[in-house]
Number of protein chains: 2
Amino acid sequence: MNDLYPNFSFSVTSQNGGARTGVIKCPHGCIETPAFIFCGTKASVKGLFPDQLLNAGTQIILSNTYHLMLQPGAEIIQKAGGLHKFMGWNRPLLSDSGGFQIFSLGHGSVSDEIKGRRPVGRSPSVIDIAEGGVLFKSYVDGSQQELTPEKSVDIQRKLGVDFMLTLDECTPYHADQEYTEQSMQRSHRWEKRSLDEFIKCNDGTQSIYGIVQGGVYPEFRQQSADFVNEQPFFGIAIGGTLGSTKQQMYDIVSECVGRIDRTRPVHLLGIGGISDIFHNVESGIDTLDCVSPTRIARHGGALVAPLHRDNKNREHINLKRSMYEIDGSPIQTDCGCYTCQHFSRAYLHHLIKANEMLALQAITVHNVTFINNLMSLIRDAIRSGTFAKLKDDWAGD
Amino acid sequence: MNDLYPNFSFSVTSQNGGARTGVIKCPHGCIETPAFIFCGTKASVKGLFPDQLLNAGTQIILSNTYHLMLQPGAEIIQKAGGLHKFMGWNRPLLSDSGGFQIFSLGHGSVSDEIKGRRPVGRSPSVIDIAEGGVLFKSYVDGSQQELTPEKSVDIQRKLGVDFMLTLDECTPYHADQEYTEQSMQRSHRWEKRSLDEFIKCNDGTQSIYGIVQGGVYPEFRQQSADFVNEQPFFGIAIGGTLGSTKQQMYDIVSECVGRIDRTRPVHLLGIGGISDIFHNVESGIDTLDCVSPTRIARHGGALVAPLHRDNKNREHINLKRSMYEIDGSPIQTDCGCYTCQHFSRAYLHHLIKANEMLALQAITVHNVTFINNLMSLIRDAIRSGTFAKLKDDWAGD
């Protein structure tokens, strides 16, 4: 496998229960795991310059193949010297396959699904799924577009990211057992084709992750883990539906990780609440990505430690609330981010009410710093054998 | 006058034709003039953190009394320790009196006026103008509000800015001679009341500018300059309508500056095109403010030197244009701003098309840096006696 990925490596550096720390090396640097991957959907983490991401401790970000293939198009990014150069981010980059957005636009987010809010039925953007690939409608202009495993790899090749994902079908959680099995098997064939295409043009500068599918059915998850284990993917991602409750999600992830070849880095797709991070890291997850820290920032939500919360059911405070109108303290007193060092809650509240975009930028800076600091705390705790205590402090009942 | 402003001073350091350099000292630092004052209308220069403003070479910004008195309210800012602390900007700050917005909302901008686009009639936000002050409708909730000269000074006192402006009526340029004269005389009475109110509560931490009114009538401009000269204002601003053409604006400004007591700093309100900066600095203007550099950035317009323009009638390039889709060069090759050092025109074009707010932030960073660099070039040219040459290069026909 090292022949396929001469410029990549993964090593586990410590273990504490199911949780572990490690280092992923890639052409654009090292990633200390467990690590969070922030979403820069359209080649931009909304509202942040690359130097602000770095100052916030960010190790790696991702962009979405679905969005970039439609606007500006992979060729334009390739001509610009690849996505790193195009967006001014010279650190590790991951791209997804494009599948998730095609299948989920119209479905709502994974977190909607987990909260039982996900509507029934196939995404309205999907025109047809066949053995060859998927036909869908562009969100930019409604035009008909096709994505195949080969095309997805070709696009990600042009983007020049460090880590690619294989194309798979994301089945909704209410898919029945028969459909889930057929879909998983087709995803496996797509993953194989993705890998073949990857190997055909591999120049050693990129790597590819396989994805474990199988929906909410443990036997399929095992089959899928076995399939991915047998293929020379650099890393393994856990995708598809993770059920309708958080507990079901934790169980499915735990099931998958238990079966996965753990000499490779394991990524969990689309999960990123604070409590979710702790539960899944405990199961052995090395990296996670989610829009939530940056998305809730744009809705006025600032992540805080349990001690600072104003609602025990939420992991953030909502700075739109009138209680913050004259609150002269920062989001979190002991946070070292630019926002907490310079702005009060009252100022952020004002900026939100005044529709000033600086509000969204400032809270995003905080949330990204917050999550990066949290991942650093988690790594320290794993190294020192105190992960269970940290998890109890942050995600205990 | 030094008794009134013990912590303020102004000195002229060099002269080149009508243009001059100088230094304004105030409690939050020194301002090298000629200087540009950027608009942070609602306590935020849209899209920029204070450190980005500083890195862009910004010396001073302004906020608008009209907006802040309505949201969040002067008391909240006072309780937060004043506007500097509230917005995290520890450098010089100016506030206007609130009058301009009350009278101009609905009228369009001063640049609309100069371009002849300004609609006829009084602003729909004004309910009544009387000797006491002005009644107007809040843009936030439509409620009826009153602003008097005393109240404007009181609000600006609470904001704690370094430089206040007196309340005046901004008459539209189509106001007839009789109305313009009556309005000017009332503005003078309001300015006197503003100054009295200022002196009553003066603690030495703030200063106040008078405003020369008189519309497009040279004799009124002279009368108004004479009036302001006689009052112990720290500085003198040129306000009101400046005519319907750029040449008329330059002539009125030149007329005013010729009559003003030039031992004090002279500010020109609401003007900030590149060519306008050169013409007015040549007339002896020390500071100018305008929303234009930051506003055009939010519409995809990046300021460039004459050599780099794509349309000789515009001082900026429009990055929305499809000609920039694959343009790998920065906005301006020799610009040292973060945006030009990290982003190509193609990336900025993509961000605009993708509705990413980073586009607006990045172009704003460039435009603010650009104007600050231009003012620095202008100061150097005045000092070295080459201002006429520089003006010819940048604003020649």
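Helices (H or I, at least four residues) and strands (E, at least two) are DSSP runs, numbered from the N terminus. The model shown is predicted: local features need pLDDT of at least 70 and side-chain atom pairs count only at pLDDT 80 or more, while totals for chains, interfaces and linings use all residues. Residues are numbered from 1 along each chain as its sequence is written, and chains are lettered from A and ligands numbered from 1 in the order in which they are written.

S2(A) and S3(A) make a hairpin, with 2 residues between them. Within the pairing, Ile24(A) stands opposite Ile31(A) of S3(A).

Proceed to helix H11, residues 274–283 of chain A. Of its 10 residues, 9 are buried, a residue being buried if 20 or more other C-beta atoms, placed from the backbone, lie within 10 Å of its own. Among them are Ile274(A), Phe278(A) and Glu282(A). After H11(A) comes Gly284(A), which has a positive phi, near 110°.

Finally, display chains A and B together. Their contact (C-beta atoms, placed from the backbone, within 7 Å) takes 31 residues from chain A and 31 residues from chain B. On the chain A side, the helices that each supply at least two residues include H3 (74–79), H13 (338–342) and H15 (357–383). H14(A) gives the most to this side, with 5 residues. By class, the chain A side has 17 nonpolar residues (Ala, Val, Leu, Ile, Met, Phe, Trp, Tyr, Cys and Pro), 8 polar and 6 charged (Asp, Glu, Lys and Arg), the others, Gly among them, counting as polar.

Note on methods. Two residues are in contact if their C-beta atoms, placed from the backbone, lie within 7 Å. Two strands pair if DSSP finds at least two bridges between them. A residue is buried if 20 or more other C-beta atoms lie within 10 Å of its own, exposed if 12 or fewer, and partly exposed in between; C-beta atoms are placed from the backbone.
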